[in-house]
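This briefing covers a recorded annotation, a sheet and a chain contact. Please view the model alongside the text.

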Amino acid sequence: MSSVQIRDVRKSFGNFEVLHGVTIPIEDGEFVVLVGPSGCGKSTLLRMLAGLENITSGTISIGDRVVNNVQPKERDIAMVFQNYALYPHMTVADNMGFSLKLRGAKADEISTGVKRAAEILALTPLLDRYPRQLSGGQRQRVAMGRAIVRDPQVFLFDEPLSNLDAKLRVAMRTEIKELHQRLRTTTVYVTHDQIEAMTMADKIVVMHDGIVEQMGSPLELYDTPANQFVAGFIGSPAMNFLKGNVKANGAAYFEGPNGVKLPLKTAPANSDGKPAVYGVRPEHFTIADDGAEAEIVVVEPTGSETQVFAKLGGEQVVAVFRERHLFNPGDKVRLKPDPTLVHLFDDGTGKRLNG
Amino acid sequence: MADIALAPRRAKTEMREATAWDQLRHNKNWLGFWFMLPAMAFLIFFLAYPLGLGVWLSFTDARIGRIGHFIGTENYEWLWDDDIFWLSVTNTLLYTFVASTVKFAVGLYLALLLNERMPFKALLRAAVLIPFIVPTVLSALAFWWIFDSQFSIISWSLKHLGLITQNINFLGDTTWARICVIFANIWRGVPFVAITLLAGLQTVSPSLYEAATLDGASSWQMFRHITYPLLTPIIAVVMTFSVLFTFTDFQLIWAMTRGGPVNATHLMATLSYQRAIIGGQLGEGAAISSAMIPFLLGAIMISWFGLQRRKWQQGEGND
């Protein structure tokens with residue numbers, strides 16, 4: 001196990017720069033999730049870490065060693081690919097033992113290593129099968145087994161769950177997290193699914209267009225997103241954004257679209273009349289007499305909660321309630337955001353304005 | 001509205017027994033038969049019938065212009081004692097073995113080369129196909145000139161380089177003639193092997209190589225443990241075809257040497273043609289051709305058993 005330091009790393013393909021100076025410190029044993037929309041550069045960064053792509057500038061170190069010019073096999077990392085990349089002509093045992101075999105390990109050494117990994121992942125009964133004879137979840141586990149056998153310094157996962165169905169994905173999510181808790185190996189995990197990121201990570205790195213938007217623990221990102229992009233990306237359903245102006249004369253409030261009055265606990269300094277974006281998460285609405293009037297458009301009960309789509313000041317917003325409300329489309333309700341939990345963002349730069 | 005309700009409707013056609021003809025027209029199994037019929041007719045007329053006729057002729061004393069009589073295995077007994085026939089068998093085996101081996105080696109090498117990233121890749125791939133596209137007789141004629149005893153460009157070049165003083169008698173010397181026809185066959189056959197293997201290489205997922213890189217495989221180990229095993233099914237197919245084509249080769253030899261010098265390049269196919277058509281001994285020629293069948297069947301059997309789907313290729317079974 002060891003720490004990983006990514007310092008001001010840039011990557012260009014020809015004249016096109018896809019990573020614009022990324023710095024991420026990763027501590028020993030940490031589970032870091034790189035998350036972001038397609039094309040944000042997260043997979044490229046992971047492949048650079050693995051040594052499958054060259055580093056244009058900046059440095060990546062594993063432990064105390066700068067690995068920019070170190071061959072992939074010398075980096076002591078293991079990677080789980082999105083399509084698993086299992087060798088189709090080898091049995092599960094051979095797949096898992098391949099790296100040991102290439103290293104010139106003895107037969108009994110290989111079989112001990114494979115058996116140990118197979119036990120951890122409950123693969124023992126499948127060791128003689130070929131990849132084609134396995135289900136998606138089993139293949140996924142073999143891919144992880146192949147990584148575990150090598151006992152590497154760092155595990156890399158490249159969207160490992162995106163080929164699985166929804167139910168299996170949730171199960172494997174837990175399994176990977178459990179595995180990490182058991183082995184405590186430094187892990188870098190790439191995904192575009194913010195729920196995966198939230199549930200698994202010690203530290204989330206939100207990337208967008210080749211830069212790091214924010215990094216921090218899942219709840220930090222949820223509670224105090226640094227900008228509008230992170231606010232919109234983390235959380236499901238996504239945060240509601242309403243454009244308007246801050247009113248700071250006397251009691252602070254926010255004037256939303258069509259003059260809708262929305263509560264603010266305090267206004268940022270010198271912000272009176274300033275155009276801004278008001279952000280409120282769907283779960284932070286309550287129904288209160290002093291709320292703003294909204295018209296219900298669609299109601300989606302999921303059993304555990306009720307999602308309500310409503311027009312607030314002409315803008316569509318989503319609200320989620322734990323309690324059961326029997327709303328009908330067209331009903332008028334008074335929605336009140338919790339003023340201690342609302343977010344304010346700069347209208348131009350998208351930067352967070354309130355503390 | 002009442003009128004409509006009252007009008008007698010013929011909702012169902014009357015039930016009647018389906019005739020045999022109806023069954024032939026509508027039964028799915030028979031439908032399959034109808035679709036198969038054209039292909040079957042084609043194969044019967046152009047493959048099965050000539051094959052059967054050839055085998056039959058080999059048991060007769062037919063000559064051109066004379067219907068033969070059944071003479072049992074006399075033609076074969078005759079061939080058994082015929083040194084030229086045995087020479088042609090040896091030639092054919094040598095020709096097939098050497099040419100196929102070299103074609104496989106060169107073809108695989110070219111395929112691996114063309115699978116790499118390189119400039120003008122598309123152009124190079126197209127260029128590799130050229131020998132395959134040129135009509136055989138045309139390329140044979142070109143080789144005939146290249147290996148001509150007086151005007152050979154090779155002899156001319158070597159002479160000007162001062163390496164030899166006399167023209168090499170390429171097609172007049174038995175050893176040289178064999179080398180030359182084998183070379184020409186290789187030149188013609190390599191593209192087929194190379195392009196087919198290239199197609200096979202491209203079905204190998206790049207992520208397997210990435211995984212192998214991380215597992216610590218060198219280029220040779222990647223070839224040995226990933227490329228080659230994944231390519232074996234297609235290698236089996238390609239080499240079967242290559243062996244069959246080479247074994248039955250006729251055009252190239254006939255255009256370049258006509259089996260000479262002193263029968264050194266006579267293959268079974270060319271000898272059969274010479275005896276049957278030029279010499280008019282249809283029965284004997286047919287016997288030589290028929291003698292190829294066991295060899296060809298043998299080659300097919302080998303690939304059949306080699307080709308049987310490997311365990312790892314078998315379908316998904318989640319028992």
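Which residues of chain A does the UniProt annotation "domain: ABC transporter" cover? According to the UniProt record, an unreviewed entry, the annotation covers residues 4-234 of chain A. The model is predicted.

**Annotated span**

**Sheet in chain A**
- Four strands of chain A form an open sheet with antiparallel pairing, in the order 2-1-4-5.
- Strand 2 (16-26) and strand 5 (65-66) of chain A are the edge strands, and each of them pairs on one side only.
- Five bridges join strand 1 (residues 4-13) of chain A to strand 4 (residues 57-62) of chain A in the antiparallel sense.
- Gln5(A) has Ser61(A), in strand 4 of chain A, as its bridge partner.
- Helix 1 (residues 42-50) of chain A packs on this sheet and touches strand 1, strand 2 and strand 4 of chain A.
- The direction of helix 1 of chain A makes about 65° with that of strand 2 of chain A.

**Contact between chain A and chain B**
- Chain A and chain B contribute 21 residues each to the contact.
- On the side of chain B that touches chain A, the elements giving two or more residues are helix 11 (206-215) and helix 12 (219-247) of chain B.
- Helix 11 of chain B gives the most to that side, with seven residues.
- By residue class, the side of chain B that touches chain A has eight nonpolar, nine polar and four charged residues.

Technical notes
Residues are numbered from 1 along each chain as its sequence is written. Chains are lettered from A and ligands numbered from 1 in the order in which they are written. This is a predicted model: local features need pLDDT of at least 70, side-chain atom pairs count only at pLDDT 80 or more; totals for chains, interfaces and linings use all residues. Two residues are in contact if their C-beta atoms, placed from the backbone, lie within 7 Å. Ala, Val, Leu, Ile, Met, Phe, Trp, Tyr, Cys and Pro count as nonpolar, Asp, Glu, Lys and Arg as charged, and the others, Gly among them, as polar. UniProt positions are given in the numbering used here, feature names are shortened, and annotations may be inferred rather than shown by experiment. Two strands pair if DSSP finds at least two bridges between them. Axes are lines fitted to C-alpha atoms, for helices over the stretch in contact, and angles run from 0 to 180 degrees between N-to-C directions.
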